[in-house]
Structure formats: structure tokens, C-alpha cells
Amino acid sequence: MKLDVNALGTFYRMAREGAGIAAGRLTHMMGVETQVGVTKLNFMRGREIRRDFEDSTEKVGVRVKLTGAIEGYSVVVFERESAFRVVETLLAEAGPDAEIEGDAGEPDEFDEMTESAATEVGHIINSGFIDGWADVLEAVIDVSTPEFVEGVSAEPFFGDIDEAPGDDDLALLFQSRIETVGTEVGFNHYLFPKRESMSKLLERLRTSEGIEYDKLDGFDRMAERGAEEVAETATTLTGIDTSVEIRRLNFVSLEAIPEQVAEEKLVGVAFEFDGMPSGYLLFLFDEESAHEIVDAMVPMEVDEDGFGEMGTSAIKELGNIMASGFLDGWANVLDTTIDHSTPEFIHDMGAAAVDPVIIQLGENQDFAFVFDTVVVADGREFDCEVYAIPDESDLERALNSLDVDRIEDAKTTAEFQEVDTT
């Protein structure tokens, strides 16, 4: 099974179109204005999907079986409280006789009326997505009767679906958020297609030689190896026990990246890298995390905001080590050379921190692969986002030459140039 950027771009447009249709139908049904928030294509391993369900949060979902141009299952999953907010709004539109009974407007469990309302909303969202996909594909996709599901683990939602990925299997998922006036309707959308069905669809959509799907799986594992090296070197440099975890690989529109950046003051380091592949690498911390890094790395009092000459140099040095850990790991696995520029310090507000990189990339491509990465230091989670954005044509060539058997055997020890902190 092969895919390429054109096929993934089509999937992304399917997701955006479907989310738009679903939002429009919710607006009509609930009488409140809605709009599409975030849309992503996520490549996640089965264990990561299951871990999303194991946060002790009760969830409800609606799933349907698909036949036609896409075969498999489509599942929309809400957090339970979010589902009740939607149902409450919907029933309020139906009049006082349909209001939810119970303390604080939320019953302990779904009754026949609220379950029916939640199923209807979930079916509207599922159908909106599927109709959007069918429009983009100019094909017919048939949908079964919707099934209501609830629970606190992944098992009730897709434990009995043959197409669901195993713990180590990489699955392509759609994630969307629809925003309403005064609140958010957040949900995850899981598509579990039959492999044969997806293979035929990818074959139809590809416009290039494409990338074998197991090579993309290798790319994800390659990044995990680089993250391990980042953690070791960061621990050595800062003295803070650090781990770095890559949770998923996202495929997103470049235009959407600034929308996903938190609207707060951010501190970061940007690099341009050159070789096979080439691209850009960006590390962004919230200010509080950046202050803690500076305090750990600079054994003397720094100026009040912590980002004078010494503070800036400390952040740049850590960024340099993290960049080397990622890129040297990639280069060793790909048996190539990847050089990166000197670090460029960033201290700016929200989207402004990523705009320069997006503008440069946008001259040659519309989409990017972005790693969703979490840095945990000394027992607490840093607010750190890692944007590893390779040139899409370079990436395709690099992955086609990737020997997946090298991934576990290749060394990932980073060799980096020290940044002068004086």
C-alpha cells in the first residue's frame, strides 16, 4: 500500500469539507452558530489511540459501518460532559417538555431521550464527514444505522472492529473540532478503513511513485529514536531528568499551523536543515517552562525577564542539542548527512512565532508533517511543541530509500556544536 502527498492532501480536503458540512448541519439543527476549529490527519499507533481513552474520562460515541468507495467504520467520540452540553442545547430548542432532568442539568446516565438525541447528533456529524468525503471523491459511500456507544476505555468503541489497529500498528485518523458560540464541541473522529479499501483509494489518488506505508511507519519510529537522544542530552545539559515522547505524526495544511499555536507569549528556537531531507525545525516553550530551563542551565542570577544575553544563549544551546538529537538520528537511519543552521531565538506572541517559517515553506508546498511531542522534565510536563517540517519532495525520496531494518540498529548519538553562552 502506497501513499503520497497528493493522496494525503485529498484526505485533508475530505476532512475539512466533511467538518464544514457537519458544522453547517449542527447550526441548522441546534439553532446556534458553529464553525470548524482544528482539522488534522493523525498517524497514531493503536496503543496511543487506546491511551487516549484511558484518562478516566467517561466518553460517548456514535459509530456507523461504511460500504462503497470506503469500507470500514466511522466513529465519532465525545467526552461525556461535552455530549450532554450538545444534547442540552438540542433539547432546549425542542421546548421545555424535552429538557434534561437531573442535578445541574446533567443526569447520571443517558436515558432513552438523551441517548436518542446524542445518537442523532453523532449521526449528523458522521454523515457530514462522509458526505464531504463522497463529494471530494465524486463517489458513493453508504452508511449503516448509527450505534450509540459509551464507556471509559477503548474496548466498547472499537474493540470488536477487525479494522482497528493493533498496539504497534500505525493508523490514519481524522481529528476535528467544531466550535459553537459560547462553548466548544470537541470530539475525535476515527476512521477504521479496511486495508484493501484504503489501498484501492490510495492507488486512485496518488500522482507520484508514492511512499510505501511501512516506510511512513519507519519515519515515525525514526523520530522516536531521535527523541530518545534528545532526552538523554537534555538531561545531561540541564541536570533535570528529562524524557521526550512523540505521541503522533500529524499531516496538516501549512495555513492551519498558526491556528494551532497557543495565543500566548512563546519562547523558542528555529533551525533550517539541509540534506536529505531538508526543511525546518522549530521548538516552542511557554514562558514559564523557558524560565525554568534558564534557571537550570545558567548558574547565576539573570536579568528580570530571564531572556537577556545569558538566558537567550541557554535556550539556544538546549535547542541546538535537541535539533542535533532529532536530525542526527534521522541521518544515521537514512545513511545520509543532514546539516542544520545556527539556532535562531524566538520570543513572540502565538502565531507570530511560527509565521516566518510558514511563509518560507509556503513558497513550495501546501502541507507538512508535524510531530506532536511532549517534553516531561523532573516529573512535570513542559509545554513544548516540536515542529519538524521536512520538504515534502525530499521526504518522499528519503523514505523511499529507507531501510526499515536499520531503524533499531543505527546509532542515534548526536554530534553537535556547542553554542557560545558567554
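Here are some notes on this predicted model, point by point.

1. Ground rules. Numbering starts from 1 along each chain as its sequence is written, and since this is a predicted model, local features need pLDDT of at least 70, side-chain atom pairs count only at pLDDT 80 or more, and totals for chains, interfaces and linings use all residues. Side-chain values use heavy atoms, with hydrogens and water left out.

2. The overall picture. The protein chain has 12 helices and 17 strands; these are DSSP runs numbered from the N terminus (helices are H or I with at least four residues, strands are E with at least two). Of its 422 residues, 55% count as buried, where buried means under 20% relative accessible area, exposed over 50%, and partly exposed in between, with a 1.4 Å probe and protein chains only. Looking at contacts (heavy atoms within 4.5 Å) with a separation of 6 or more, 79% come from residues 24 or more positions apart.

3. Helix 9 against helix 10. Helix 9 covers residues 287-297 and helix 10 covers 309-334; they pack at about 95 degrees with axes 9 Å apart. The axes are lines fitted to C-alpha atoms, for helices over the stretch in contact, and angles run from 0 to 180 degrees between N-to-C directions. The pair is therefore roughly perpendicular, on a scale where under 35 degrees is roughly parallel, over 145 roughly antiparallel, 65 to 115 roughly perpendicular and the rest oblique.

4. What sits between those helices. Helix 9 contributes Ala290, Ile293, Val294 and Met297, which meet Gly311, Ala314, Ile315, Glu317 and Leu318 of helix 10. By class that contact has seven nonpolar residues, one polar and one charged. The classes are: Ala, Val, Leu, Ile, Met, Phe, Trp, Tyr, Cys and Pro nonpolar; Asp, Glu, Lys and Arg charged; the others, Gly among them, polar.

5. The annotated stretch. UniProt, in an unreviewed entry, lists residues 310-346 as "domain: CheC-like protein". Positions are in the numbering used here, feature names are shortened, and annotations may be inferred rather than shown by experiment. In the model, residues 310-346 are 68% helix and 16% strand, with the end C-alpha atoms 14 Å apart.

6. The loop between strands 11 and 12. Pro277 lies in this loop, and the peptide bond from Met276 to Pro277 is cis, with omega near 10 degrees. Ser278 is in the loop too, between strand 11 (265-275) and strand 12 (279-286). At 15% relative accessibility, Ser278 counts as buried. Its side chain makes a polar contact with the side chain of Asp394 at 2.4 Å; such a contact is a pair of N or O atoms within 3.5 Å, where within protein one must be able to donate a hydrogen and the other to accept it, and residues adjacent in sequence count only if both atoms are side-chain atoms. Leaving aside residues up to four places away in sequence, Ser278 touches Phe273, Ile389, Pro390, Asp391 and Asp394.

7. Strand 12. Leu284 is in this strand and is buried, at 3% relative accessible area. Leu284 and Val386 are 102 residues apart in sequence, yet 6.6 Å apart C-alpha to C-alpha.

8. Backbone spots to look at. Most residues other than glycine have a negative phi, and most peptide bonds are trans. Glu138 has a positive phi, near 55 degrees; it is in the loop between helix 4 (112-137) and strand 5 (141-143) and is exposed, at 74%. Asp335 also has a positive phi near 55 degrees; Asp335 is in the loop between helix 10 and strand 13 (338-340) and is exposed, at 63%.
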